[in-house]
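The sequence and structure come first.

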Amino acid sequence: MNAPMGLRERKKQRTRETISDTAITLFLEHGFDQVSVVDIAAVAEVSKPTLFKYFPTKEDLVVHRFADHQTVASSVVAERSPGVSAIDALHQHFLDGLAARDPITGLNDDEDVLAFHHLVYSTPSLVARVSKYLAQAEDALAETLAGALDSDREITAALLAGQVIATERILASVNWRRIVAGRSADEVHPEAVADADHAYALLRHGLAGVAPQT
């Protein structure tokens with residue numbers, strides 16, 4: 001069990017959240033490129049050096065929410081129950097995320113979440129930063145899988161990690177497109193579950209059953 005945060009840690013957490021929430025509000029209102037770090041610091045009532053102490057780059061003010069997820073997949077594998085395969089644990093975790101309407105799965109129709117998603121994926125520098133975090137998530141998962149798979153080939157863990165991260169990114173993207181098209185998360189949920197089941201079946205068994213015959 002994690003120990004409760006002390007007063008100093010809680011204050012730091014509140015400051016971090018205030019800065020990030022302020023930045024995202026300003027970006028949504030005016031556009032990412034139209035808002036400066038100085039503007040954000042002024043509205044958040046912190047100094048520019050304080051802002052950079054919490055967020056090293058302007059992009060991190062937004063995409064730190066993705067950074068908070070970059071070790072999730074590796075933790076799911078590391079903390080899985082005895083007898084549960086790595087793929088089964090990751091599959092179930094993604095299904096749980098769909099059921100919880102976790103934005104990282106793309107299955108969330110909250111207006112604020114949709115606006116945040118549009119901000120990120122319509123801003124090239126934010127897309128590049130998200131790609132960096134996905135690469136770090138892949139590396140973390142590969143490292144954990146290396147100790148979990150019954151294989152003496154180093155490449156096996158790296159390949160599977162890349163496939164898992166890419167698969168979940170594509171599943172989320174498909175879900176987002178359905179939501180943006182005007183459908184509700186509840187309506188899309190059964191299709192999202194079916195897609196996840198199909199995707200993880202491919203990860204388990206490969207493309208032999210769906211590849212074109214030559």
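## Aromatic pairs

Two aromatic pairs turn up in a search of the whole structure; rings of Phe, Tyr and Trp (its six-membered ring) pair if their centres lie within 6.5 Å, and planes under 30 degrees apart count as stacked, over 60 as edge-to-face and the rest as tilted. The pair of Phe27 and Phe32 is tilted, because the ring centres are 4.7 Å apart and the planes stand at 50°. Phe27 and Phe32 are both buried (under 20% relative accessible area, with a 1.4 Å probe and protein chains only).

The rings of Phe66 and Phe116 have centres 6.4 Å apart and planes at 20°, so this pair is stacked. Phe66 belongs to helix 4 (residues 60–67) and Phe116 to helix 7, so the pair ties together parts 50 residues apart in sequence. Helices are DSSP runs (H or I, at least four residues), numbered from the N terminus. Phe66 and Phe116 are also buried.

## Charge over a ring

Lys58 lies over the face of Phe32, at 4.4 Å from the ring centre (for Lys, NZ within 6 Å of the centre and within 35 degrees of the ring normal).

## Helix 7 and helix 8

Helix 7 (residues 111–121) packs with helix 8 (residues 124–146) at an angle of about 95°, their axes 6 Å apart; axes are lines fitted to C-alpha atoms over the stretch in contact, and angles run from 0 to 180 degrees between N-to-C directions. The two helices are therefore roughly perpendicular (65 to 115 degrees). Leu119, Val120 and Tyr121 of helix 7 meet Leu126, Val127 and Val130 of helix 8, with contact meaning heavy atoms within 4.5 Å.

## Basis

The model is predicted: local features need pLDDT of at least 70, side-chain atom pairs count only at pLDDT 80 or more, and totals for chains, interfaces and linings use all residues. Residues are numbered from 1 along each chain as its sequence is written, and side-chain values use heavy atoms, with hydrogens and water left out.

Terms used: Parallel < 35°, antiparallel > 145°, perpendicular 65-115°, else oblique. Buried < 20%, exposed > 50% of the residue type's maximum accessible area, 1.4 Å probe, protein only.
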